[in-house]
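Please find below my notes on the model, arranged as numbered points. They begin with individual side-chain pairs and then turn to strands and helices.

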Amino acid sequence: MIPAPSSRFKNPRARYNFQGRTVSITGVGSYLPARVLTNHEIEKMVDTSDEWIMTRTGVKERRIAAKDEFTSDLGAKAAGRAIKMAGVTADQIDLIIVATCTPDMLFPSTACLVQQKIGARRAAAFDLEAACAGFIYGLEIGQQFIMSRTYDAVLVIGAEKISTITNWKDRNTCVLFGDGAGAVVLQNRPQSHGLLTAVMGADGTKAELLKVPGGGSRCPATAESVSTDQHYVQMEGKETFKHAVQAMQTAAQEALRRCEIDITKIKCVIPHQANRRIIDAVGVRLGVRPDQMFVNLDKYGNTSAASVAIALDEAVSSGRIQRGDLILLVVFGAGLTWGAAVIEW
Ligand code: UT7
């Protein structure tokens, strides 16, 4: 018989400590490509203005990966930093999960390419696709493997080269996105701080709102699919915006409820960095004080699955987050998909 979870929370879905296993983030790292693309440069590409982009999105500039720099390169660099901080060697990693919607290739997985690049010879590796919500999906899956005693050290990476699926002639979308990667090492650390809970959700009935239709089995690459821009991001911005605010609010509240934690006790809220107005609206609905909210989308734009991982790394390295602080991550993406996680750092 499986013993009841020992937990300091009444709600068993807050899995602080299951049979003596606690999942801690022992390392975090990120990597941003060097090339900065400013709003003023985009003004020369499409009919837009720095003023429109700043007021409607909050993005000032974003990073663009080099031609010979792929999602696996960005992910491997972020992973190397996370592994260093965790004080482990690549050999000690049991599993690599790469959350991405811009894999190097349809197959093999980007996770396998990262495994080769960092030399994690013992690790199993797979990609997961939950668009911008992928990093929290990855955290939850990684946590489950550790809680179930299958693995002791899991590398979760969010990595994107969104510039390759961006239509640089479409002003509705090209101003929004950027390239980058963030990574964490999850390890079993008994009686330590850790990942308190993660919430995941999806609604496939709204799949049409945000998509890249070309390149899959439904619309394989043809001369016509390429000439009609089927391989680029298509988004119904206003509808997506509404669902993003609602889903992020609900996911965050569910995660806090499971852990019996009031929002005022959260030191740092790290939301998906898609649009400053979405972040502000979610903040108002959750009752978040401005000093609790972490925002870096002015520098990087929307880096999809990498977004909250990069922000987490910056919040830690800048001293915004100290050991013992409570953190709330909340994300939203195509699918639709969403998620939230509460972490005791
Ligand atoms: O990461 C996944 C989740 N992603 C999101 O959650 C993104 C959600 N959506 C959004 O962030 C916003 O909807 C956008 C930033 C994409 C657009 O903002 P909006 O306030 O919803 O603008 P809109 O699409 O309703 O467009 C308003 C006007 C339109 O002109 P008309 O039709 O009113 O004449 C657009 O053509 O703004 C125009 N517009 C632009 N003008 C200058 C759209 N893009 C631009 C642009 N520059 N870049």
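1. Asp94 and Arg122 are joined through their side chains in a salt bridge, with an N to O distance of 2.7 Å; the term stands for a side-chain nitrogen of Lys or Arg within 4 Å of a carboxyl oxygen of Asp or Glu. Because Asp94 sits in the loop between helix H3 (71-86) and S4, and Arg122 in the loop between H4 and S5, the pair ties together parts that are 28 residues apart in sequence. Asp94 is buried, at a relative accessible area of 10%, whereas Arg122, at 52% relative accessibility, counts as exposed; buried means under 20% relative accessible area, exposed over 50%, and partly exposed in between, with a 1.4 Å probe and protein chains only.

2. This is a predicted model, in which local features need pLDDT of at least 70 and side-chain atom pairs count only at pLDDT 80 or more, while totals for chains, interfaces and linings use all residues. Residues are numbered from 1 along each chain as its sequence is written, and side-chain values use heavy atoms, with hydrogens and water left out.

3. The search of the whole structure returns 17 salt bridges, one of them between Asp47 and Arg171 at 3.7 Å, N to O. That pair links distant parts of the chain, 124 residues apart, with Asp47 in the loop between helix H1 (39-43) and helix H2 (50-57) and Arg171 in helix H6 (residues 171-174). Asp47 counts as exposed at 62% relative accessibility, and Arg171 as partly exposed at 46%.

4. Lys77 and Glu69 form a further salt bridge, their closest N and O atoms being 3.8 Å apart. Here Lys77 is partly exposed, at 39% relative accessibility, while Glu69 is buried, with a relative accessible area of 10%.

5. Strands S4 (residues 95-99) and S5 (residues 124-128) pair in the parallel sense over five bridges, where pairing requires that DSSP finds at least two bridges between the strands. Helices (H or I, at least four residues) and strands (E, at least two) are DSSP runs, numbered from the N terminus. Between S4 and S5 the chain passes through helix H4 (residues 110-118), and this β-α-β crossover is right-handed, which means that, with the strands pointing away from the viewer, the path from the first strand over the helix to the second runs clockwise.

6. What is the order of the four strands in the open sheet with mixed pairing? The order is S8-S13-S12-S11. Strand S8 (195-202) and strand S11 (268-271) stand at the edges, each with a single partner strand, so one side of each has no neighbour in the sheet. Within this sheet, S12 (residues 326-333) and S13 (residues 337-344) pair in the antiparallel sense over eight bridges, and Leu326 has Glu344 in S13 as its bridge partner.

7. For H3, the 16 residues should span 22 Å at 1.5 Å a residue, and the end C-alpha atoms are 22 Å apart, which agrees; the expected span is 1.5 Å times one less than the number of residues. Its buried residues include Leu74, Ala78, Ala82 and Ile83, and what covers the buried residues of H3 includes strand S1 (23-31), H4, strand S6 (153-160) and strand S7 (180-188). Just after H3, Gly87 takes a positive phi of about 75°.

How values were computed:
Contact = heavy atoms within 4.5 Å.
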